[in-house]
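Take a look at the model first, and then we can walk through it together.

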Amino acid sequence: MSRKKIYVDRRTVLKGAATGAAAILFAPNIVTAQSKKIRIGMLTILSGRVAQLGTSSRNAVMMEVEKINAAGGLVGREVEMVIRDSKGQPQEAARVARELVNSDGCEILYDAEASSGGFAVHEVAKDLGVLCIHTNSETSSLTADPKIRIPNAFRVCRQGIHDSIAGGAYAAEIAKAKNLRNWATCSPDYAYGRDSTQTFMEYLKHFYPEAELKTEAWPKLFQPDYTEVITKVIQARPQALYTCLWGGDLTSWIDQGNIYGMFSQNQVFAVNMADYTALTTVKNLPQGIHSGNRYIKTFPNTPQNAAWADEYRSRYGEYPTNWSWQNAVGIHFLAAAAKKANSVDGKKLEEVLRGLTIESPFGTDGTVTIRAEDQTIVNYAIGWGTTIPQEPYVPEVKAISWETIFELETEWKKRNNYL
Amino acid sequence: MTGPRSSVGCGVPALHGRRVYFSPRCNLDLAALTDCFSSASCIVTQTTSGLIIGLLLFLVAAGLTLIFGVLKVVNFTHGSFYMLGAYFAYTVNNLTSSYALAVLAAAIGVGLFALFFERFFISRVYGANVLMQLLVCYAFILILDDAVKIIWGPEFKSMGMPDIFQAPPFFVAGGIIPVFYLFLIIVTLFIAVGLWLIIAYTRFGTIVRAAAVNPSMVSALGINTGLIYAAVFAIGGMLAGLAGGLAVPVRSLTAGMGFSILIESFIVTVIGGMGSIAGALIGSILIGLVRAFGSIGFPLFVEGLMFALMAIILILKPSGLLGKEG
Amino acid sequence: MAPKQTTLSRDLLIAGVALLVLLILPVLWPSKALSDLIIRVSAFSLFATSLNLLVGYTGMVSFGHGMFFGFGAYCFGLSMQRLGVSIPTALLLTIALTAVLAAVVGAISIRLKEIYFAFITLAFQMLLHSLIIAWVPLTGGDQGLMGGIPRPEFLGIDFGLESNRYAFSVLLMIVGLLALRHVAESPFGYTLRMIRDNPERASFLGVNVFRTKLTAFIIAGIFGAVGGVIMAMFVSGAYPEFANWTMSGEGIFMVMLGGISTFLGPTVGAVILSLLNDLITRRTEHHGIFLGVIILVFALGLRKGVTDFIADWFQARRESAGAQLKGGRQ
């Protein structure tokens with residue numbers, strides 16, 4: 001009988017403790033409307049393998065936010081970034097996004113998560129109706145698919161489909177010139193890897209129908225040992241090779257490919273090569289790898305772009321990454337929108353952001369625009385070039401025309417019933 | 001290997017009405033596999049490929065199985081040992097530009113760390129629930145991943161190939177064998193043989209084997225089992241660190257790089273038999289060959305296949321290929 | 001027998017009170033973070049308690065329990081997205097399919113002992129994980145189920161309202177815990193304990209050990225899946241991470257931190273781990289070090305779960321009721 005009493009007591013104790021803890025932890029963070037600061041909740045990946053995504057995103061954001069605050073903030077209100085680690089886990093991303101908006105008084109959600117984390121945050125934005133800026137999620141369907149797209153979410157980063165069209169167009173010209181008919185691909189086996197590779201081959205064939213895919217290799221994402229995929233590719237003796245491996249995977253693939261002489265036999269098209277971290281980390285960078293631009297200081301070849309890169313570098317001791325410029329441009333858009341709407345109210349910002357064009361060091365012609373119909377950026381600098389193993393790494397980048405991209409993108413959307 | 005292919009590209013519309021199995025996205029490419037088996041160059045290249053994958057994996061798995069065999073501890077921190085070895089080697093190489101010193105530093109450094117880990121942490125949970133051991137190991141994985149990120153930074157690192165190995169690859173029967181990989185194969189085989197010799201023929205090895213079977217008897221004979229346990233754990237950790245250091249020229253380093261090798265070593269240890277080093281050797285080479293030839297025949301099922309193999313062995317002979325029953 | 005009836009009615013009373021408290025809480029203390037925490041704890045509580053049915057009550061250490069969490073989330077998500085059924089129907093469908101999965105996996109795995117059972121459950125879980133990632137047209141691959149899970153009205157209840165979803169999650173947790181409690185305190189539950197303590201003796205007494213273990217495995221799988229359903233509703237999607245071995249690991253930690261020998265131990269562990277996670281990630285990005293150190297303190301300092309510790313303490317106090325004791329451990 002005494003057992004029963006203890007049982008109830010224990011439960012009560014636990015409940016009491018839980019309520020007490022809750023009181024301390026969850027006291028609502030009251031931010032009154034009269035408060036000077038505007039809180040923007042940013043979630044990104046700050047731990048694990050891809051921690052660099054988060055740190056470089058955060059670096060860019062803080063750099064830009066400081067400049068904005070120095071100039072008076074957004075319509076007179078100082079910007080306060082609340083930055084949390086969502087660890088690349090979608091359930092954590094969902095929880096953190098909700099916490100930022102519900103408990104920490106954030107009025108805007110700045111989503112610097114990637115792939116599945118981004119989709120989880122997208123659902124939270126759908127539920128809460130808060131303005132959400134996606135800065136690192138490159139999956140096209142996030143904005144292209146009308147079933148997924150929502151009016152309060154905007155994407156300010158590059159898109160898979162744009163990169164594939166640009167890559168296909170560029171590669172086709174090289175292929176025509178050098179008669180590269182036999183192709184092989186070696187890309188990581190996950191959504192981004194599969195979609196990018198598939199659409200690249202499609203557009204390559206669109207511009208150069210003689211191209212033939214002889215062999216495909218599909219390593220797992222973050223696979224450390226590429227020996228079997230490298231040997232598979234080599235044995236097919238392709239004339240050209242496409243890969244969308246990135247970051248550490250790309251560098252170890254190059255290291256391992258080098259000892260097999262993989263790069264002396266083929267023309268290699270690595271869409272993610274032209275990223276400073278990758279370029280500077282690989283000790284024996286082969287000459288003449290064709291790469292798309294992730295972020296290159298000399299493309300666009302403007303003083304504004306160079307100045308931004310230098311500012312980032314002197315402040316953080318390293319070059320900016322693709323994630324850096326995307327997060328910077330997001331802040332630029334917010335600033336421009338706030339100024340134009342003369343408000344930081346989410347709904348008003350939404351209306352202004354649709355179709356907004358801003359001056360940007362990252363734009364093809366000095367401007368970047370958020371396309372109104374699918375709320376994603378266009379006209380950002382896209383181009384391809386070949387690498388050399390020392391500065392400036394990619395001396396000449398050939399810009400790809402956005403007319404071509406638009407035409408084929410529209411056709412792609414029609415094919416997928418997105419229009 | 002060249003010539004018209006009748007295989008279906010994954011994601012590209014099917015040609016020639018090729019049947020698509022199970023996963024609607026890709027298919028089996030058995031034609032390519034049979035092509036490979038009938039080509040000497042392919043066999044040489046892929047077999048070397050399999051050996052390389054397998055032997056590096058063996059070093060890690062050997063340490064894991066040794067620790068389990070003698071201490072009955074499942075060392076979930078083993079992947080982190082590998083990661084530490086890689087980072088130690090990277091740093092020492094930066095300081096001294098000597099790959100040999102780097103590898104040595106990796107082995108010794110991680111061996112010492114493993115010793116510290118065992119004496120102060122693991123020894124407290126000997127005989128406890130395996131889940132408590134798992135908890136302690138997991139705590140260390142969390143701490144080490146963060147520590148590595150703080151000390152070395154969040155971006156990935158790469159050491160590059162030491163100059164000695166930057167020679168063109170060997171060609172045997174048309175198959176390709178890179179110089180560095182030949183070196184790795186020789187070194188790991190050497191270590192494997194050395195390990196076997198030590199365990200089978202030295203006094204220390206005999207004591208270790210005895211401690212694995214009957215620790216109380218060993219201690220009754222006046223031998224300090226605590227020292228033995230510490231030594232075994234240190235050796236196991238050293239092997240993992242050595243693997244990390246050896247592999248550095250062809251890996252990129254990030255926090256969390258230990259995970260995939262941890263899972264693979266478990267698969268190898270289960271297949272080979274927990275506690276059997278020879279089993280670990282057979283298991284890792286098997287896995288290596290499966291990966292090498294599997295990437296040609298069924299590129300997208302390789303990982304699933306490894307887990308399926310693990311399941312099959314567990315069902316048919318749970319103690320593994322060379323493990324002891326019971 | 002009389003004691004069983006008392007237990008059942010006492011449990012119902014506690015469950016009822018708990019349900020009332022949890023339902024009134026958001027009214028008294030309107031913090032969305034608190035509601036979110038409770039929903040997540042609901043999901044993890046069912047997951048961890050069902051795991052403990054295997055680990056603590058039957059002595060079957062499973063490393064692959066996350067497979068049911070993930071499977072439940074995907075079944076539910078897919079039923080709602082593709083079949084357009086109501087939420088309760090999707091839930092029942094999920095339970096049925098999970099039972100089949102658990103029966104198949106269990107039938108193969110249970111013949112193995114101890115660490116081998118643990119490894120084979122892990123192998124099956126990773127196979128499911130690989131399957132989820134590979135079967136892109138069905139599951140969305142590594143992106144997970146995109147587009148959100150629909151929330152159709154049912155019997156007049158609008159599931160579009162957050163408060164209704166909260167109430168539903170809490171209800172599922174209480175009912176699930178009650179059911180698991182009933183299983184644990186029934187003769188079947190005591191048979192499980194007997195199998196844990198001495199399987200040979202149990203079989204001599206005429207117990208079909210295999211079938212009993214299989215039943216326990218299926219029950220555990222079902223409630224693990226219900227946990228997955230709650231999580232899927234919360235994030236409005238299902239992701240491969242739900243079926244990854246890291247999820248199994250979290251379940252094990254909740255059980256170990258909270259207590260393996262009490263019924264509510266895993267729930268306490270779920271609360272502790274979720275609170276710790278929230279607290280730490282708010283303050284710092286170096287959550288690995290902080291969480292790791294705290295876990296070490298638990299594992300090496302307490303050496304048992306929180307409720308185990310408390311239960312032992314009360315036990316020690318009771319046992320030396322006569323003598324004066326300062327509440328130390330035995």
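Predicted model: local features only at pLDDT ≥ 70, side-chain atom pairs only at ≥ 80, totals over all residues.

Residues are numbered from 1 along each chain as its sequence is written, and chains are lettered from A, with ligands numbered from 1, in the order in which they are written. Helices (H or I, at least four residues) and strands (E, at least two) are DSSP runs, numbered from the N terminus.

Two residues are in contact if their C-beta atoms, placed from the backbone, lie within 7 Å. The table gives both contacts by residue count and class; Ala, Val, Leu, Ile, Met, Phe, Trp, Tyr, Cys and Pro count as nonpolar, Asp, Glu, Lys and Arg as charged, and the others, Gly among them, as polar.

| Side touching chain A | Residues in contact | Classes on that side |
|---|---|---|
| Chain B | 44 residues of chain B with 44 residues of chain A | 24 nonpolar, 13 polar, seven charged residues |
| Chain C | 32 residues of chain C with 36 residues of chain A | 13 nonpolar, eleven polar, eight charged residues |

On the chain B side, helix 2 of chain B gives the largest share, six residues.

Within chain B, helix 10 (residues 258-272) and helix 12 (residues 302-316) pack at an angle of about 30°, their axes 9 Å apart. Axes here are lines fitted to C-alpha atoms over the stretch in contact, and angles run from 0 to 180 degrees between N-to-C directions. That angle makes helix 10 of chain B roughly parallel (under 35 degrees) to helix 12 of chain B. From helix 10 of chain B, B:Ile267, B:Val270 and B:Ile271 meet residues of helix 12 of chain B, including B:Met306 and B:Leu309. This contact has eight nonpolar residues, with no polar and no charged ones.

Helix 3 (residues 78-96) of chain B is mostly covered, with 15 of its 19 residues buried (20 or more other C-beta atoms within 10 Å of a residue's own, C-beta atoms being placed from the backbone). Just after helix 3 of chain B, B:Ser97 takes a positive phi of about 55°.

Over in chain A, A:Pro209 sits in the loop between helix 7 (191-207) and strand 7 (212-217). A:Pro209 counts as exposed (12 or fewer such neighbours) because it has 9 C-beta neighbours inside 10 Å.

Definitions and conventions:
Parallel < 35°, antiparallel > 145°, perpendicular 65-115°, else oblique.
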